[in-house]
Amino acid sequence: QRQMCIRDRSIISQRAGYEIRNDMYNSLLEQSFSFYDQQRTGQLMARATGDINMLGRFFNFGFRMALSNVLLLLMVVYSMLSLNKWLTLISILVLPFLLVSTRTYSQKVSPLWREVREQNGVITSVLQENLSGLRVVRGFNREDYEEQKFAAECREYFDINITLARLRSFFMPLAGFISSVGVVIILWYGGNQVISGALKLGTIVAFYFYMNRLMRPVRMLGFMTSMFVRANAAAERVFEVIDAQVDVKDREGATDVEEVEGRIVFEDVWFSYDGDNMVLKDIDLAVEPGQTVAILGATGSGKSSIINLLPRFYDVSRGSIKLDGMDIRDVTIKSLRGHIGIVRQDPFIFSTTLRKNISYGVKDADLDSIKMAARQAKIDAFIEGLPEGYDTRVGERGVTLSGGQKQRVAIARALLKNPKILILDDSTSSVDTQTEYEIQQALDELLENRTTFIITQRLSSIKKADYIIVLEDGEIAEEGVHDELMERRGIYYKLYQTQIAGEEGGVA
């Protein structure tokens, strides 16, 4: 019977942890980019691991202990009342004092346990950040500095726990003392009643044993309070994520789009990350199906913000973006992003095989299609030269690949998806001139009948673009084709002169 009880208890706690962990992970996947702009990865990892484990321990031990002690308390009080009502009333005189001390203890430790969980997240964040940036730390010889920073956070964690230990060391003996006072009162009053003949000796002996049984759940009050407070602090942090509102989500009545032509129209688009400072202002742009649009501008001009709006990583603050005449907010996010392929400046490579990395956006992709995409991205020769070919595993974040190799894998991933709309966010920035030329040759064929947005600092790769816009302070400062912009001798002309004319010996 005991083994079955332990088994059932374990099943309940594990099931609770399983459900909460899945709910939290699903919530994280659904959250908008704005959510992650305000969160640290380490804090989220601490909530998904340590905090959920804390809840599991509460369901496994704390809940069972609280339930059994409450039942024991009720049964003992009932038995005591059946023996002698007056003795029972006298014996529970100490309970209000216990409740007051427990409440005071709970009020003091509750914020401290919240600090403990938060500080645990800080430590996890520092650790995760330093492991990710280990090469930078080593390269700048900053090991001592990082050791001191980590030690300072651990010291903060240590100090909070010591404060908690001091509170427990005061409360636990206090609860025991108050309980003992109740026993002393019973013995004093009951003894006098026995001496006077008003009470039998057997009754007071039975009452004494009942009183000891009553004190057991009372003494456990501090432990249960501590466990409940810890679980409550962990639950608050976990459910902050689970219950977080998703900023970008499907509208009611949003429809799936199976086929698209690729006509994109920006109508009076304004956008702000914080709701106050506009990073895009009055953007009007019409892109016909199959056209290639190049977006230029200095750092902070709003180039990346434009391409973040198109797949609805963020929603416009004012205005609208239309796909084939339909506001993209009236299209389900899943179907919208299904027609968009993105290659970013710093592509993310998963710690798995090259085959799975390339086929990430396509379910059940066959090897021939994967090889074709790799060939078009000029990465096939490198992959086939590896001992395990396409089944070669890469390190975390593609650490075993060069910057150019990672970008070509990301390009192959986008090409295999074969999207109608393609976004290249400075996707050739980490490759040499020869590799860029080879990739550009492949892209020249692949960009046909595909609406493409190119963000790049290398003007030589966008001269064939159907349209060029130059952003400055979030506004379109110049727009047109290459020859028109050169004739205006404005921002584009100066950029071109700096990058191209110098290489051509000063000839414009």
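This is a predicted model: local features need pLDDT of at least 70, side-chain atom pairs count only at pLDDT 80 or more; totals for chains, interfaces and linings use all residues.
Reader: What makes strand 9 and strand 10 a pair, and in which sense do they run?

Author: Strand 9, residues 467-472, and strand 10 are joined over five bridges in the antiparallel sense; because a pair needs at least two bridges, the five found here meet the requirement.

Reader: Why are strand 6 and strand 10 called edge strands?

Author: The open sheet has six strands in the order 6-7-8-3-9-10, with mixed pairing. Strand 6 (340-343) and strand 10 (475-480) each have a single partner strand, so one side of each is left without a neighbour in the sheet. From one strand to the next, the twist averages 15 degrees.

Reader: Which helix packs on this sheet, and which strands does the helix touch?

Author: Helix 15, residues 403-417, packs on the sheet and touches strand 6 and strand 7 (421-425), while its direction makes about 175 degrees with that of strand 6. Helix 15 reaches 22 Å from the first C-alpha to the last over its 15 residues, close to the 21 Å expected at 1.5 Å a residue.

Reader: Why is helix 15 described as largely enclosed?

Author: A residue counts as buried when its relative accessible area is under 20%, and 13 of the 15 residues of helix 15 are buried, so the helix is largely enclosed by the rest of the structure.

Reader: What does helix 15 supply to the largest nonpolar core?

Author: That core has 36 residues, of which Ile 358, Ile 383, Val 409, Ile 468 and Tyr 492 touch the most other members. Several elements each supply at least two residues, including strand 3 (292-297), helix 12 and helix 18 (491-501), but the largest share, seven residues, comes from helix 15. Apart from this core lies another, of 32 residues, among them Leu 280, Ile 306, Ile 328 and Val 331.

Reader: Why is Asn 418 called exposed, whereas Lys 378 is called partly exposed?

Author: The exposed class lies over 50% relative accessible area, and the partly exposed class lies between that and the buried limit of 20%. Asn 418, at 52%, is therefore exposed, and Lys 378, at 31%, is therefore partly exposed. Asn 418 lies in the loop between helix 15 and strand 7, and Lys 378 in the loop between helix 13 and helix 14 (380-384).

Reader: What makes the phi of Asn 418 and that of Lys 378 worth a remark?

Author: Most residues other than glycine have a negative phi. Asn 418 is not a glycine, yet has a positive phi of about 55 degrees, and Lys 378, also not a glycine, has a positive phi of about 60 degrees.

Reader: How many residues stand between strand 1 and strand 2 in their hairpin?

Author: There are five residues between strand 1 and strand 2, and Gly 275 in the turn has a positive phi of about 90 degrees. Six bridges join these antiparallel strands, with Phe 271 opposite Leu 280 in strand 2.

Notes:
Residues are numbered from 1 along each chain as its sequence is written. Side-chain values use heavy atoms; hydrogens and water are left out. Helices (H or I, at least four residues) and strands (E, at least two) are DSSP runs, numbered from the N terminus. Axes are lines fitted to C-alpha atoms, for helices over the stretch in contact, and angles run from 0 to 180 degrees between N-to-C directions. Contact means heavy atoms within 4.5 Å. The expected span of a helix is 1.5 Å times one less than its number of residues. Buried means under 20% relative accessible area, exposed over 50%, partly exposed in between (1.4 Å probe, protein chains only). A nonpolar core is a set of buried Ala, Val, Leu, Ile, Met, Phe, Trp, Tyr and Cys residues joined through side-chain atoms within 4.5 Å.
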